[in-house]
Amino acid sequence: MKVLLSGNEAIARGAYEYGVQVATGYPGTPSSEIMANVAQYKEIYAEWSVNEKVAMDGAVGACYAGKRSMVTMKSVGMNVAADSFFYPVYTGVRGGLVIVVADDPGMFSSQNEQDNRQYARFAKMPLLEPSDSQEMKDFIGVALEMSEEWDTPVLIRTTMRISHSASPVELRERMANDSAETPPLDRDPHKLVSTAMWARKRHPVVEERLKKLAEFANTFEINRLEWGDRRMGIVAGGAVYNFAREIFPEASFLKLGMTHPLPAALLREFAAGVEQLLVVEELDPFLEGQIKAMGVDCRGKDIFPSVGELTPAVIAKSAAEAGILPREEVKGARELALPDLPDRFPVFCAGCPHRSTFYVLSRMKDVVVAGGIGCYNLGCLPPYNATDTMGAMGASIGVAHGFDIAGIPDRFVAVIGDGSFFHAGVAPLINLVHNGGNSKVVILDNHITAMTGQQDHPGIEQTLSGKPGRKVDIEGLVRACGVEDVHKVDAFDVKAVRDTFKAALALEGPSVVIVEGPCFWVGPGAQGVYEVDTDTCVACGTCKRLGCPAIIHAEEVNLKTGKPKSEIDPVLCVGCDMCAQVCPVNAIHPVECEE
Amino acid sequence: METKNFVITGVGGQGTILASDVLAAVGLAAGYDVKKSDILGLAVRGGAVVGHVRWGERVYSPIVPDGCVDYLLAFEILEGLRWLKQVRPEGTILVNQQEIYPVSAITGGQEYPAKERANKAIKSAVERVLEVPGVEIALEVGNSKVVNVVLLGVLSGLLLVEPEIWESALKERVPSRFVDLNLQAFHKGREFAQQRR
């Protein structure tokens, strides 16, 4: 029987069916649901590690111990993992090791649009690209077998559109001996210790392996010739294969399941069998460049953009412009006269503890804010417009330190979430303390990794496997890093947050302010509902600048200014009290319970 | 059969994902090849949400090609307007008569389009429009949260799939204590469509 699974669910199912025993990862869109689903299979040890590099090393260690292992991350997570991505290619594996990276063409939730296929080439690792949920599941099995047979980790690259799309999948039983005891480590330092003198002997092994893999690729069943109309031949893999099929249903295809190393003989056979060869790939000309280097003539990025998703619409439009698809076959959005539509950006949820920080920072207009990755990045959007820089996990503390050593005259703070602090914030904090820095760091401790869907981190007692975890105390950690001026403040007390920021900014030397309050989704829940006394409300708009989705325009206006008064949507309000605290005329109160 | 293209659009928190899950499952149970694609991530924080569902004999792309939407389920009026250009002139639009003002229209100086004007634009764009008082219907069964299932009920009244298939897809996807509530919401929606056919 077939069931509908999202791509990420199918990867988790693949890990289950093909006997993965250890899975680690760090959350990040579009990869997060893989581990959430792996955790439902009790036969697999599942862990949210503190960051991608630590997750990678954990999976490598488990594979050295003979376990089939998997590690998952999002596109930019690969940059964090990269240091540990290269050495297992040299050392080889024992149990199969599969690395799953979920790219984000179109940048739905990422700070760049990097093409992680490049990493496979960079590290000399085989690369598989599934096209739908069935292949997501099957390729986990293919990758694990390959890994063990060829003594190398295998990279599986998915994209948002496959990870978050669902299609039918045939299920099978698990193949694994879960009751077998783990034997002592088979110690082999000449292979597993990558010290230069020994690693030097492994490099030729890696090069030889890659050559043989390229030869094998020509007969590998996941690289498939699909002969159709010979006037047009298309080379494609991953999500784009289905997008291109949608637009060119009759064309001939070379469907590549393994996109590194490439099957040279198969590509030449395909090129010789078609009149015109097209390479359709998202982002970088990864395949095209290598195919051209083989001396095979093809077209690709002269037709299709290197930016964004290559959706069927983009493929059709680009092909029509290049004259290879009749314009009348290109369907598109209709021309309709519509009013200008307001944007709908994401906002902090009602009851979000970050609201006070960004409300306060938005009003401290001379304070430069270095930001980071997480829900708190929404502080860059209206109505706060508070954040000045954001580039990577944990970057805020280092960037603020850079402002400091450059000597900017402005006051400045670094903001960082609790999850990001554990992930990549501790080292830059130690760095600024040691080097005599003067930065002020605001740690937003909401007791969860919120943005990606409430995953655990070391600051709480919960773990992905369900076993209780030991909580690492942020304040103690900050003090242990050498920071002496440490403040802790209740996120739901707006005045206290403002006063604490002011106090910290007035001091010489490094300060850390921990703004503490749980994410609404892991906290105690709604605390009641508030309402606006319309007669008292003067329509000053102060509460609206909190950016709360529960605060809307009332029908009544201030007759002098013509501005709409405020109203609170009782369905959305969770009673966090912040609007009542900032109202200058005391017009907002809890709704009295009717007893 | 020609591939049927559905787009479900709304605001994070309105239950669009459950709706696209159910719609995809119904297509599979009815014997079609099915693909579904949801935009998640940043969108779940009160942003715009969209789900694509396609039923057909062989479906390649999980996203509906531009301008090819057969059925648009707009859970919110503004989000319905945003997708209007993608619906075929002979297509169908179900538009829940709910307005959710984005922060940009509360503090950002942007204007939320007037309801009459919005509904007029939607009506003039396609052959068949059902303006659904989803919240009112949901409240009739006692819970405003089941608007998503009310809208699925309305859609079911316009398609030829047996209601039992819809019911079992729903039962598999909602918590057991809410099954009755959701089935009631579904049938209220279905009746609404049948009265207007």
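1. A nonpolar core is a set of buried Ala, Val, Leu, Ile, Met, Phe, Trp, Tyr and Cys residues joined through C-beta atoms within 7 Å. In this predicted model, the largest such core has 240 residues. The residues with the most contacts inside this core are A:Ala15, B:Leu73 and B:Leu151.

2. Take B:Leu73 as a way into the core. Which residues does B:Leu73 touch, leaving aside those up to four places away in sequence? They are B:Phe6, B:Ile8, B:Ala19, B:Leu94, B:Leu151 and B:Leu155. B:Leu151 is itself among the residues with the most contacts inside the core.

3. On confidence, the predictor gives the complex an ipTM of 0.93 and a pTM of 0.96. For chain B, the mean pLDDT is 93. In that chain, 97% of the residues reach 70 or more.

4. Chain B has eight helices and six strands. Read from the N terminus on, its elements run β-α-β-β-β-α-β-α-α-β-α-α-α-α. The radius of gyration of chain B is 16 Å, close to the 16 Å that the globule rule gives for 197 residues, so chain B is as compact as a globular protein of that length. Its C-alpha atoms fill a box of roughly 50 × 40 × 35 Å along the principal axes.

5. How much of chain B is buried? Buried residues make up 57% of its 197 residues. Now the contacts in chain B with a separation of 6 or more: residues 24 or more positions apart account for 67% of them.

6. Next, the contact between the chains. Chain A gives 45 residues to it and chain B gives 48 residues. On the side of chain A that touches chain B, the elements giving two or more residues are β8 (165-170), α10 (238-247), α13 (312-321) and β20 (551-557) of chain A. By class, that side of chain A has 26 nonpolar, ten polar and nine charged residues.

7. Strand pairing also links the two chains. β8(A) pairs with strand β2 (residues 33-38) of chain B. The sense is antiparallel, over two bridges. Which residue of β2(B) is the bridge partner of A:Ala166? It is B:Lys36.

8. Chain A holds an open sheet of seven strands, with mixed pairing. The order is β3-β2-β4-β5-β7-β6-β12 (chain A). The edge strands are β3 (45-48) and β12 (258-260) of chain A, and each pairs on one side only.

9. Strand β6 (residues 127-128) of chain A runs antiparallel to β12(A), and two bridges join them. A:Leu128 has A:Met258 as its bridge partner in β12(A).

Definitions and conventions
Residues numbered from 1 in each chain as written. Chains lettered and ligands numbered in written order. Predicted model: local features only at pLDDT ≥ 70, side-chain atom pairs only at ≥ 80, totals over all residues. Contact = placed C-beta atoms within 7 Å. Helix = DSSP H or I, 4+ residues; strand = E, 2+ residues; numbered from the N terminus. Nonpolar A, V, L, I, M, F, W, Y, C, P; charged D, E, K, R; others polar. Pairing = 2+ DSSP bridges. Buried ≥ 20, exposed ≤ 12 C-beta atoms within 10 Å, placed from the backbone. Rg over C-alpha atoms; globule rule 2.2 N^0.38 Å. pLDDT = per-residue confidence, 0-100.
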